[in-house]
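Please look at the model below.

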Amino acid sequence: MAWASSFDAFFKNFKRESKIISEYDITLIMTYIEENKLQKAVSVIEKVLRDIEDAPLNIAVTGETGTGKSTFINALRGVGHEEKDAAPTGAIETTMKRTPYPHPKLPNVTIWDLPGIGSTTFTPQNYLTEMKFGEYDFFIIISATRFKENDAQLAKAIAQMGMNFYLVRTKIDSDLDNEQKFKPKSFNKEKLLKKIKDYCSNHLQESLYSEPLVFLVSNVDISKYDFPKLETKLLQDLPAHKRHVFSLSLQSLTEATINCKRDSLKQKVFLEAVKAGVLATIPLGGMISDILENLDETFNLYRSYFGLDDASLENVAKDLNMSVDDFKVHLRFPHLFSEHNDESLEDKLFKYIKHISSVTGGPVAAVTYYRMAYYLQNLFLDTAANDAIALLNSKALFEKKVGPYISEPPEYWEA
């Protein structure tokens with residue numbers, strides 16, 4: 001079937017770190033489609049989608065008091081320091097217990113604040129046992145100066161247990177500001193960043209017997225320095241089915257992050273569309289669910305993922321000292337379904353598909369239906385991503401209306 005080759009070709013468009021389905025499952029689905037075992041293909045797709053939807057993600061963050069650990073946790077969650085349920089900053093660590101901080105938009109994602117190993121009397125192995133080592137997907141070890149021997153021994157114990165760890169050096173802005181203030185003539189930003197990273201790596205290398213990756217992160221603007229590299233590395237190392245929820249959990253602070261979210265959601269929409277299209281070819285397989293009746297839900301979900309929901313836009317407006325309406329009118333997303341003195345796009349599509357169903361009925365209507373649903377959700381995604389990128393690019397871009405990039409239908413749609 002042409003579907004099988006199109007299926008494979010679609011996923012080759014995505015980099016490994018943004019791919020949400022394993023190569024094994026891609027091959028298995030293709031094989032079933034080629035052998036005309038369509039129900040088996042649907043079963044695999046359904047399992048893949050369930051795994052993606054239900055995947056829990058637990059991130060452990062550990063570090064001493066004063067390292068900027070709470071600031072980092074709040075930034076990962078997209079929560080301001082003064083917001084309800086924010087991890088308290090500037091507080092002295094008084095508990096030896098771990099503290100969960102759920103993601104405000106994604107209940108499957110939890111970031112765990114672990115006390116720094118230096119504030120406990122545990123050995124690295126006992127520390128991991130006490131902190132329920134097996135429940136996390138990876139560890140982030142934070143320091144604001146140099147990593148201490150305790151940090152190195154903890155990293156070594158984590159590696160020995162087959163878990164990934166990532167070393168994050170925070171408060172880089174303070175280092176740069178102080179160096180520029182006291183050594184204005186000799187100040188060189190890139191040299192200083194390299195010096196800090198080399199200092200951290202060399203000290204840890206003595207204990208770990210290999211050169212570890214150290215990521216330099218700002219506590220003022222988390223999108224600066226090595227944070228994008230850290231995001232990419234985490235995505236590369238996570239299992240395919242967990243990349244989706246992690247990418248959605250990230251704030252839309254860089255164009256790369258926004259495009260990663262777009263890619264992840266496009267793959268999920270594609271899998272749902274292929275499932276619906278395959279079902280439409282199976283006798284008595286049934287029509288796909290009425291996606292158009294749930295347009296508002298899908299629409300608002302994508303807005304939330306890309307930071308375009310009302311609450312997020314209000315925060316952006318506050319930061320820019322503007323009213324929401326000042327820039328909202330220049331975004332395409334809020335007006336996607338409104339057309340002057342005419343039917344909305346939603347009404348037009350609903351009437352069109354209803355007409356096709358009444359004329360053809362059965363599988364033909366279903367295939368037409370899923371094509372339109374696929375097109376519409378991609379329109380949502382591209383519009384949302386483009387608007388989110390526009391919000392990154394300062395007030396000047398708000399004066400230009402951002403139009404969506406509209407995807408071409410995949411080849412296998414062609415008759």
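What follows covers aromatic pairs and a helix contact.

This is a predicted model: local features need pLDDT of at least 70, side-chain atom pairs count only at pLDDT 80 or more, and totals for chains, interfaces and linings use all residues. Residues are numbered from 1 along each chain as its sequence is written, and side-chain values use heavy atoms, with hydrogens and water left out.

Q: How many aromatic pairs does a search of the whole structure find?
A: Rings of Phe, Tyr and Trp (its six-membered ring) pair if their centres lie within 6.5 Å; planes under 30 degrees apart count as stacked, over 60 as edge-to-face and the rest as tilted. On that basis the whole structure holds eleven aromatic pairs.

Q: Which geometry class do the rings of Phe-138 and Tyr-166 fall into?
A: The two ring centres are 5.6 Å apart. The planes stand at 90 degrees, so the pair is edge-to-face.

Q: Is Phe-138 buried or exposed?
A: Buried means under 20% relative accessible area, exposed over 50%, partly exposed in between (1.4 Å probe, protein chains only). The relative accessible area of Phe-138 is 2%, so Phe-138 is buried.

Q: How are α2 and α3 oriented to each other?
A: Helices (H or I, at least four residues) are DSSP runs, numbered from the N terminus. Axes are lines fitted to C-alpha atoms over the stretch in contact (heavy atoms within 4.5 Å), with angles from 0 to 180 degrees between N-to-C directions. The axes of α2 (residues 23-34) and α3 (residues 38-54) come within 7 Å and cross at roughly 160 degrees. Angles over 145 degrees count as roughly antiparallel, so α2 and α3 are roughly antiparallel.

Definitions and conventions
Helix = DSSP H or I, 4+ residues; strand = E, 2+ residues; numbered from the N terminus. Parallel < 35°, antiparallel > 145°, perpendicular 65-115°, else oblique.
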